Amino acid sequence: MRAPKTRRREPRASAVPAGADRAMSELYAQNYRPLVRLAALLVGDPADAEKIVQDAFVDLHCAWPGRS
C-alpha cells in the first residue's frame, strides 16, 4: 500500500509582508544565543536548550503575520 502524496504548501509571494523574512532573520541573529543560554540554565542541558530555542523560532516563523 502506497502512502498518500502530500502537497507542499508554498506561501504566496504577496501574502508575506515585504521585509518579513529579513526581520525574522535579524530577530534570530540577535536573540538566539542569549535564549539558548537562558534555556540551558533552565533545563540544564545545552543540547536540549538549542532544540527548544530552535523549535520556538520555527513556531514563531510559522505564526509570523502573512504566513499561511
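Is proline 34 buried, partly exposed or exposed? I looked up proline 34 and found a relative accessible area of 38%, so proline 34 counts as partly exposed. For this term I noted the cut-offs: buried means under 20% relative accessible area, exposed over 50%, and partly exposed in between, with a 1.4 Å probe and protein chains only.

**Entry 1: the model.** I recorded that this is a predicted model, in which local features need pLDDT of at least 70, side-chain atom pairs count only at pLDDT 80 or more, and totals for chains, interfaces and linings use all residues. Residues are numbered from 1 along each chain as its sequence is written, and side-chain values use heavy atoms, with hydrogens and water left out.

**Entry 2: the overall fold.** I counted two helices and zero strands in the protein. Helices (H or I, at least four residues) and strands (E, at least two) are DSSP runs, numbered from the N terminus. Of the 68 residues, 16% are buried. I then looked up contacts (heavy atoms within 4.5 Å). Among those between residues at least 6 apart in sequence, 58% join residues at least 24 apart.

**Entry 3: proline 34 again.** I placed proline 34 in helix H1. From C-alpha to C-alpha, proline 34 and valine 53 are 9.9 Å apart in space, and they are 19 residues apart in sequence.

**Entry 4: the core.** Which residues make up the largest nonpolar core? I listed six: Tyr32, Val36, Ala39, Ala49, Val53 and Phe57. Helix H1 (20-43) and helix H2 (46-63) are the elements that give two or more residues to this core. A nonpolar core is a set of buried Ala, Val, Leu, Ile, Met, Phe, Trp, Tyr and Cys residues joined through side-chain atoms within 4.5 Å.

**Entry 5: the rings.** I found two aromatic pairs in the structure. Tyrosine 28 and phenylalanine 57 form an edge-to-face pair, 5.0 Å centre to centre with 75° between the planes. This pair links distant parts of the chain, since tyrosine 28 is in helix H1 and phenylalanine 57 in helix H2, 29 residues apart. Rings of Phe, Tyr and Trp (its six-membered ring) pair if their centres lie within 6.5 Å; planes under 30 degrees apart count as stacked, over 60 as edge-to-face and the rest as tilted. Ring pairs link Tyr28, Tyr32 and Phe57 into a cluster.

I also compared the accessibility of the two partners. Tyrosine 28 has 35% relative accessibility and therefore counts as partly exposed, whereas phenylalanine 57 has 10% and therefore counts as buried. Leaving aside residues up to four places away in sequence, phenylalanine 57 touches Met24, Leu27, Tyr28, Asn31, Tyr32 and Leu35.

**Entry 6: valine 43.** I located valine 43 in helix H1. Its relative accessible area is 42%, so valine 43 is partly exposed.
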